[in-house]
Amino acid sequence: MTQKNMLVSDAKSGINMITVAVNNSSIFTTTAQKPPSVPGGYISISRKKFLKNLEINGAERINAWVDSMRASSPTHIKSTPSLAEEQSSWIVHHPSALDMFEQIIEASRGKQIVMFLDYDGTLSPIVDDPDRAFMSDAMRKTVRKLARCFPTAIVSGRCRDKVYSFVRLAELYYAGSHGMDIKGPTKGSKYKKGNEAVLFQPASEFLPMMDAVYKKLVENTKSTPGAMVENNKFSISVHFRCVEEKKWSELAQQVRSVLKEFPKLRLTQGRKVLEIRPTIKWDKGKALEFLLESLGFANCNNVFPVYIGDDRTDEDAFKILRDRGQGYGILVSKFPKDTSASYSLQEPKEVMDFLQRLVEWKRPSLRANLGL
């Protein structure tokens with residue numbers, strides 16, 4: 001298997017992509033068997049169809065967006081016998097990764113585990129102020145140990161620099177802005193390939209546009225109490241976690257008035273946040289594939305990626321793992337959701353417990369005790 005650095009040009013978009021440790025085979029092919037599809041029917045919100053048509057040119061679309069957000073808000077999910085039955089059914093198809101830990105390890109036997117972790121809601125709790133989404137010292141210590149055992153990447157919608165300021169671990173890979181800004185370890189990683197860190201920015205030509213949109217959104221939304229606009233460099237987040245529900249329609253109109261001026265941008269939806277991104281075919285799933293290729297695992301059968309995330313944008317990565325037939329996606333959620341993830345964890349505390357068990361399993365003494 002030959003590895004080399006490559007400069008790849010996308011003729012349609014004019015985007016240059018710098019990759020490292022690229023294999024001769026394509027990153028987008030695999031011979032692994034595709035796993036069975038995920039059963040649906042759990043809090044199925046048709047947001048994708050609405051957002052896809054979000055030129056936002058009428059009141060109907062604004063109302064549909066507000067209805068979508070209202071339906072998906074955990075504050076509107078009441079405990080009922082039917083919900084308990086639905087949750088029980090959902091957990092059968094998406095069991096706890098802690099309960100199924102030995103089975104997950106058995107599936108990874110003889111393969112290189114590679115860890116991918118979302119940040120907000122996965123390594124840190126969801127908070128009202130996104131600038132205060134701090135991870136605990138215990139979680140940081142756990143992730144540091146994890147990175148010594150396996151190649152580890154943080155994949156977030158946040159600006160890469162912002163995520164790094166929260167995590168502060170130089171031995172990790174960081175993919176910010178939904179994977180549109182990727183950088184490899186600067187020190188201390190035995191999995192780093194070559195002397196240069198991976199640096200990949202497929203949407204660099206959009207930077208002036210994103211800055212302009214950010215300024216307009218700040219100006220347009222300042223009249224809505226609780227609205228926060230976050231510049232994530234290659235994407236922009238409009239947070240409405242602290243906005244009264246009766247103001248959601250007003251906020252949607254404000255975002256609409258800006259996006260109408262920028263047809264090269266698209267809108268996606270996360271947990272109490274609207275995400276504005278360039279219209280390029282790139283997401284967290286593509287970032288996962290790029291990082292696997294950069295590590296030398298393109299089209300390999302001896303790699304076992306594990307992606308843990310809580311947001312709708314993480315579904316792109318979960319789907320990639322199912323399509324590859326390799327590794328597992330783990331959804332962090334207390335509520336049943338439509339997902340392509342195979343397993344679930346309820347909160348960041350359970351994520352830390354799962355990561356700690358991975359670190360402990362890596363120790364030969366524990367593996368012997370487990371009989372693995």
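1. In this predicted model, α10 is largely enclosed by the rest of the structure, because 7 of its 10 residues are buried. The buried residues are E315, A317, F318, I320, L321, R322 and R324. Charged side chains are therefore among the buried residues of α10, namely E315, R322 and R324. The cover over the buried residues of α10 includes α9, β12 and β13 (328-332). Just after α10 comes G325, with a positive phi of about 70°.

2. How do α9 and α10 pack against each other? Helix α9 covers residues 284-294 and helix α10 residues 315-324; their axes cross at roughly 55° and come within 6 Å. At that angle α9 counts as oblique to α10. On the α9 side the contact uses K284, G285, L288, E289 and L292, and on the α10 side D316, A317, I320, L321 and R324. The contact of α9 with α10 has 5 nonpolar, 1 polar and 4 charged residues. Of the α10 residues in this contact, A317, I320, L321 and R324 are also on the list of buried residues.

3. The loop between α9 and β12 holds two positions to look at. F297 lies in this loop and counts as buried because its relative accessibility is 14%, under the 20% limit. In sequence F297 is 183 residues from V114, yet the two C-alpha atoms are 9.9 Å apart in space. N299 lies in the loop between α9 and β12 (303-309) as well. At 29% relative accessibility, N299 counts as partly exposed. The phi of N299 is positive, about 55°, although N299 is not a glycine.

4. A second residue other than glycine with a positive phi is S177, whose phi is near 50°. Most residues other than glycine have a negative phi. Is S177 buried or exposed? S177 is buried, with a relative accessible area of 0%. Its place is the loop between β5 (173-176) and β6 (181-183).

5. Helix α7 (residues 207-221) and α8 have axes that cross at roughly 145° and come within 9 Å. The crossing of α7 past α8 is right-handed. From α7 the contact takes V213, K216, L217, N220 and T221, and from α8 it takes L251, Q254, V255, S257 and V258. By class these are 5 nonpolar, 4 polar and 1 charged.

6. Helix α8 spans residues 248-259 and includes A252. With a relative accessibility of 6%, A252 counts as buried. A252 is 22 residues from L274 in sequence, and their C-alpha atoms are 9.3 Å apart.

7. Which residues have the most contacts inside the largest nonpolar core? That core has 50 residues, and those with the most contacts inside it are F116, I182, L217, L265, I276, L288 and Y307. Beyond its neighbours within four places in sequence, L217 is in contact with V229, I236, V238, V255, V258 and I276. Two of these partners, V255 and V258, belong to the α8 side of the contact with α7. L288, also named for the core, is part of the α9 contact with α10. A second, separate core has 39 residues, including L117, A133, L146 and V306.

8. Helix α5 (residues 137-149) packs on helix α11 (residues 348-362) at an angle of about 35°, with the axes 9 Å apart. The crossing of α5 past α11 is left-handed. A138, M139, T142, V143, K145, L146 and C149 of α5 meet P348, M352, L355, Q356, L358, V359 and K362 of α11. This contact has 10 nonpolar, 2 polar and 2 charged residues. L146, one of the α5 residues here, also belongs to the second core.

9. For the chain as a whole, there are 12 helices and 14 strands. Of its 372 residues, 51% count as buried. Among contacts between residues at least 6 apart in sequence, 63% join residues at least 24 apart.

How values were computed. Residues are numbered from 1 along each chain as its sequence is written. This is a predicted model: local features need pLDDT of at least 70, side-chain atom pairs count only at pLDDT 80 or more; totals for chains, interfaces and linings use all residues. Side-chain values use heavy atoms; hydrogens and water are left out. Axes are lines fitted to C-alpha atoms, for helices over the stretch in contact, and angles run from 0 to 180 degrees between N-to-C directions. Helices (H or I, at least four residues) and strands (E, at least two) are DSSP runs, numbered from the N terminus. A crossing is left-handed if the near helix is turned anticlockwise from the far one by less than a right angle, and right-handed if clockwise. Contact means heavy atoms within 4.5 Å. Buried means under 20% relative accessible area, exposed over 50%, partly exposed in between (1.4 Å probe, protein chains only). A nonpolar core is a set of buried Ala, Val, Leu, Ile, Met, Phe, Trp, Tyr and Cys residues joined through side-chain atoms within 4.5 Å. Angles under 35 degrees count as roughly parallel, over 145 as roughly antiparallel, 65 to 115 as roughly perpendicular and the rest as oblique.
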